[in-house]
Amino acid sequence: MNRTQRYISLLLERLPKYELRSYEHQTSLDRIRDRVSSTSDIHAEFLYLYQVKDCADFALSLMWIADKVEKDLTKEESTIDEETLVFSKFRQSIGDVSPSEEESDSTGTTTNLPGSQEFRSTSTPAPESAFSLSSPPVLESISTLEPTIDSIFGDAAQSSELIQPTKGGSTYGSEQERRLAILLEQFLESVQSGNDDRTKLLSDIIDECNIVLTTDSAAEDYKQFCKLLTEFLQYISNNNYFDDVRVMNMLSNIQDPFAQWTRTEPNNRTGALNAVIDTFRDFKNMFE
């Protein structure tokens, strides 16, 4: 993750999702954070979120804050005002509060985003910045799709065209591959922090690997990766090696290459997992 991703990811993690009335919406917020954390192009992720039905203001709030982070290298952690603004816009996007309630909050934070009118107008140019929507006609054309936030980030079946955008508008990798990559990143962070959820994450990763191993259409190198990953996770679980620095090193060595593999066009993946697979083959020697 780059600096801006870390800033936005931490901001989203700090939001009081327990205040949301729906568990599905709490889950949606988690998934948005996962996507922001794992995307290879945060610009495209924000643009994509902008065209989700009712999410324009929510996306704009993230764009605006990200732009401030890019311009101010001293910004390290989100402020209460920023978190309040983003959370209020998210609640509005999912219908958790009415627009009239949204106009003012207890902190007095304004909900009128700088540049919001420019983003909606084709006659007024958008502010020049890395996160500006400088091509309104393009936004108008994609806005007709209007997927809903529940269909994109909820539990409903998702189309591969509506998952992870990349530069040029292409989508690489399946939802299952990205889901496994996110779980691996979360598991690495959990192991490094000694969090209680690491056992649950380990189980989730093994479940995802088993899906691959029972899928005939999965690539052989992907199956081999999942087979060895499962053996590794079962080994450290059976021997209670969660706090072992060698486990952290191994996870660090495989997590990023695999995440890169999921973001690579399938036709260009040949041999990309070989180094990770070779690392796995002799993992038991590390503990003997």
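## A pocket to start with

The second largest pocket has a volume of about 350 Å³. A pocket here is an open set of points on a 1 Å grid over the protein atoms alone, where a 1.4 Å probe fits, with protein on both sides within 12 Å along at least five of seven lines. The volume is the space filled by probe spheres set on those points, which are joined across faces, edges and corners.

Residues are numbered from 1 along each chain, and side-chain values use heavy atoms, without hydrogens and water. This is a predicted model: local features need pLDDT of at least 70, side-chain atom pairs count only at pLDDT 80 or more, and totals for chains, interfaces and linings use all residues.

## What lines it

Which residues lie nearest the centre of the second largest pocket? They are Ser37, Ser38, Glu185, Gln255 and Arg263, from a lining of 20 residues (each with an atom within 4 Å of a point). Helix α10 gives the largest share, seven residues.

## Helix α2

Let's turn to α2, residues 23–38. Helices are DSSP runs of H or I with at least four residues, numbered from the N terminus. Helix α2 reaches 23 Å from its first C-alpha to its last, close to the expected 22 Å, where the expected span is 1.5 Å times one less than the number of residues.

Because 12 of its 16 residues are buried, α2 is largely enclosed by the rest of the structure. Buried means under 20% relative accessible area, with a 1.4 Å probe and protein chains only. Among the buried residues are Leu29, Ile32, Ser37 and Ser38.

## A loop residue

Asn240 sits in the loop between α12 and α13. Its phi is near 55 degrees, a positive value in a residue other than glycine. Asn240 is exposed, at 60% relative accessible area (exposed means over 50%).

Key. Helix = DSSP H or I, 4+ residues; strand = E, 2+ residues; numbered from the N terminus.
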